[in-house]
Amino acid sequence: MRPIPSAALFLGMNLALLGAGCSISPANEPAAESNVGATESGATARELKSFEQSPVFNILAGEFYGRHKNYDQAASHYAAVAQNSNDPALLERAIQAAIFADRFDLAQSLAEQLRKLSPDNARAAAVMMISSLELGETEQADRALNQWLESDSGNVEKIFNETGQYLQKSLDRDRAVDYTHHLAERFPQQYEAQVVVAKLALSFGEMTLAREAANRAMSLRPDETMAYDLAMVIANRDGDVEQAIRVLEKAHNRFPDKGRYTSGLIEARLAAGQTDAALALLERTLETRPDDTELLRNLSLFAFRLERPDLAEQALNRLERLPGQSDVVHLIRGRVALQEADLSGAEAALSQVSARSEHYANAQVLLAGARVDQGQGDAAVRGLETALLSDGIDEADQQQLMLALASTLSETGQFEESLQIADQALDAWPDANDFRLQKSMTLFALDESGSAISVLREIIERDPEHAQALNALGYTLADENRNLDEAEDLIDRALHIDPDNAAYLDSLGWLKYRQGEIQSALEALRSAYRRAPNAEIGAHLGEVLWADGERDQALEVWQEALELDATDSTLLETLLRFAPELMPADGQP
């Protein structure tokens, strides 16, 4: 079956071409057959030709071909009537057919005709713009966009958002990038346009344009938060902590009552090593913002990071006095205890989280992870099984706890039991793809790669936007050095959904290494390691550096990775192949 054209999706058009205007119903179809019968019984060629040229025939034929997904024929028949008609409904029907057939020249001319009949028809202007872009006619697209804005002047934001959606999802990428630059130049004083340009440029990786557009938007409307938020995302994508701080300082000064900017500024200053400035802002905020629950939570965690337990307790004590916050206080204290390897303290805090609390499942999952880390796998399993029997948990908690149980069983080597739990969960919740993902990881652990890949493909078939499954399958194919074109497509799709994900960047780097593109591999792996330094990414980065002849750098990265996690299997296998002298005394590949 021919896929639905992206332009039709954008315009919200009907797939079947039926249900509006004239349509063929089952009751009508025998009538069409009777005409054929009449022709066979003696109608002249002239009569047949006259009938085939009649508006009724073309409308019926257009509907018939539309029902059978033959959009090109449907467009031809509808256009034959519409081009000689002054009926707006008929013209709109013909435009639908032309868009479905990807006949943008026809759609453009029909939309122009409709525009003359109905000058304020916004959809006609939208079709003209889209058709012109598809045909590469930028000036005509500009005129159509102007007409669209004039026709629907009260919805400027909606118009630019819809335009941005089309450029991002439907138009050829190179044309979309070019027109995004063009929009930035055409509407330098239009806030809504600059916001959309910033979003588009960010999605296309045009970072200079993204920064310029976000800065323009901030200047145009300094009291709107959207531009500040975009500028922060762009700075973070670039890894530019100093720029992030500058944007956050502006946002914090402009919106002192918005806790997310205060928290973000403290976080950015900590990332930049500006601990004194971070601490000063934290102390000042504690004095002036005593009742903001989310902010108090963040302040307590920042205080622990700054090794100021007195300030952390001050924030937590204030938070605990606010209605409904005692459970989250216990959760935070438990997390901090776990970070300090204080299992008994974590047990004491997390066990106080009520089973009726929204934080209960999180608390039990944290406890299970801590017990596994302490070599108490059986206790972790028992705790999760007990939590699943609690009366107060809802369906979401049940899913979270069962997923944690399946993961814990797999992590402790109880693979068959893990698969059973995953299958039980899928029987109860067939659409819960997280259990399929866990099942695939367990199958990989059992060296059943073929079965694991089948499960990943099932996830993607059910949810083509499941980034984790896309990445997992792409990485697996790259790691096994096969189907590399498919692997690249999968990883690119995952990164399109989550461009800053370090794991996906690691997969991209490993794929590029398999493809022999060493410099591209290094770029991606360095970006991944910078975002999330861990042993596996360090193992990959070191191997590519080694292959590039940078062996001293490779050894430095591997030594650092060992400090992060000397038990990581990928790292140990890599060291065994390239630098066995770095293997820990008790290291096991």
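Helix axes are here lines fitted to C-alpha atoms over the stretch in contact, and the angles between their N-to-C directions run from 0 to 180 degrees. The model is a predicted one, in which local features need pLDDT of at least 70 and side-chain atom pairs count only at pLDDT 80 or more, whereas totals for chains, interfaces and linings use all residues. Residues are numbered from 1 along each chain as its sequence is written, and side-chain values use heavy atoms, with hydrogens and water left out.

**Packing of H28 and H29**

- H28 passes H29 in a left-handed crossing, in which the near helix is turned anticlockwise from the far one by less than a right angle.
- The contact, defined by heavy atoms within 4.5 Å, brings residues of H28, including Leu470, Leu473 and Tyr475, against residues of H29, among them Leu490, Ile491 and Ile497.
- Twelve nonpolar, two polar and two charged residues make up this contact of H28 with H29, with Ala, Val, Leu, Ile, Met, Phe, Trp, Tyr, Cys and Pro counted as nonpolar, Asp, Glu, Lys and Arg as charged, and the others, Gly among them, as polar.

**Packing of H4 and H5**

- H4 (residues 55-67) and H5 (residues 71-82) pack at an angle of about 160°, with their axes 8 Å apart, and are therefore roughly antiparallel to each other.
- The crossing of H4 and H5 is left-handed, and among the residues that meet are Phe57, Ile59 and Tyr65 in H4 and Tyr71, His77 and Val81 in H5.
- The contact of H4 with H5 divides into ten nonpolar, five polar and one charged residues.

- By class, the lining of the largest pocket has 13 nonpolar, 14 polar and eleven charged residues.
- The second largest pocket has a volume of about 930 Å³, and Ser203, Gly205, Arg237, Leu495 and Pro499 are the closest to its centre among its 30 lining residues.
- H31 gives the most to the lining of the second largest pocket, with six residues.

Terms used. 1 Å grid on protein atoms, 1.4 Å probe; cavity = no way out; pocket = protein on both sides within 12 Å on 5 of 7 lines; lining within 4 Å. Points joined across faces, edges and corners; volume = space filled by probe spheres on them. Helix = DSSP H or I, 4+ residues; strand = E, 2+ residues; numbered from the N terminus. Parallel < 35°, antiparallel > 145°, perpendicular 65-115°, else oblique.
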